[in-house]
Amino acid sequence: MSRNSSWTHKIFAFILIAFFSLSVVHTSFAQEFTAQALGDYGNVTVMEVAGSYDANNPDGSVNDAPRQTIAREFFMTHKDEYDFLVIFSNFDFPMPDDGHAKAFYMGVKNDTQGIGIDQFNNTDTFGSTSSRLQGVVDMGNLSGLATDPLDAKFNDTLYILSHELVHRWGAHVKFKQADGNLSTALLGKDGSHWSFLLDSRGSVMYGNRWQDNGNGTFTSLVPQSETKFYSPLDLYLMGIIDKSMVPPMLLIENPDIDPARLPEAGVTISGTARYITIDDIIAAVGPRIPDAVTSQKSFKTAFIYITTPGTFNADAIYHIE
C-alpha cells in the first residue's frame, strides 16, 4: 500500500468516526423530552409531549426529568400556588413495579418530621420557586380509568388517586421494640405500604382488617376492592388528627407470612397478636412536626393532560373534569 493510499484510508476513517459521533449526538438530542402547553381547558391544562416518558430509566432509577419538564412548563403560565400536580396521559408508558403499578407518586419536597422520611427539597428543579410544590402523581393513560361517577369502577379511580396522594406522608414509619431496637414490621410492599399482617382498618395503603378468632388464628375481613379508607395512623401521619386519636394497632407475628402480600379477604392464618401504639412509633421516628393543630389541612391540586403531538381530543377534558 502506498503512503498516499494509507493517508486516504486514515482520513476516510476519521470522517466516518466524526460522522458517527455527530449521529449519536443528534439521536440523543432528538430523544430529549419536550412539553409544550396547548392551553387550559376548563380546569385542565393540556400539553403536547415528545420523548421517553417511562416511569424509570433503563438503569432502574426514577425518570424524573420529564415530570420536571412538565412542571416547569406548567409554572410558566400558572401561579406557583399548587401543592400537587396530577398528570393523565392519552398514551401508555412503562409503569413501575415491572408495569404492575397503575399509578405512582413522585415526591418533590418533604418538610415534615416524624413520618419516617428524610427531609428534602427539589422544588427548584420542578420550577416551583416558592417551594410550595410537594409532589407529582402520574395516573397513567386516561382511557384505562373509569371517569363516570355512575360507573361501578369509578371508586377504583378515586382509590388509586387517594392511595398515591397518601404516599406524600406514608407509609414509612418504624416502631421501637421493648428491647430498644427499631422494627420495620409495620411495613410491607416496597417498604412503603402497610404490612399484610397489620390491622390497618382497611387502609388505602394496604394492610388488612383482622378478626382475632381467639384460638391463635386470625381471619382477614377486608377485600382489596373495598380498602378505601384512611386509617387513624394514615390520618395522624397526614397531620389531620392528633396522636390521642390513634388506637393501638394489631400486628400479627408470623415469620412464614410475606408482609408484602396485598390485602385479601377470607384468609385465615395463625400467629401471635402484638399491639403497636402510636407512642412506640413516635419513640422510633419522633413526633410529627408540625402537629395536627398547626399542620396544613387544605391542599391545591392542578390537573394536567399530556398528549402525543396532534392527538388531543377535547372530549377527554370532560372525563377529567
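This dialogue covers a sheet, a helix packed on it, and a pocket.

Visitor: What kind of model is this?

Guide: This is a predicted model, in which local features need pLDDT of at least 70, side-chain atom pairs count only at pLDDT 80 or more, and totals for chains, interfaces and linings use all residues. Residues are numbered from 1 along each chain as its sequence is written, and side-chain values use heavy atoms, leaving out hydrogens and water.

Visitor: In what order do the six strands of the open sheet lie?

Guide: Strands of a sheet pair through backbone hydrogen bonds, either parallel or antiparallel. Strands (E, at least two residues) and helices (H or I, at least four) are DSSP runs numbered from the N terminus, and two strands pair if DSSP finds at least two bridges between them. Here the order is E1-E2-E17-E3-E7-E4, with mixed pairing.

Visitor: How many bridges join E1 and E2?

Guide: Seven, in the antiparallel sense, with E2 spanning residues 44-50.

Visitor: Which strands does helix H3 touch?

Guide: Contact means heavy atoms within 4.5 Å. Helix H3 (residues 154-166) packs on the sheet and touches E3, E4 and E7.

Visitor: Which element supplies the largest share of the lining of the largest pocket?

Guide: H3 does, with five residues. The lining as a whole divides into 16 nonpolar, 15 polar and 10 charged residues. For this count, Ala, Val, Leu, Ile, Met, Phe, Trp, Tyr, Cys and Pro are nonpolar, Asp, Glu, Lys and Arg are charged, and the others, Gly among them, are polar.

How values were computed: Axes fitted to C-alpha atoms, helices over the stretch in contact; angles between N-to-C directions.
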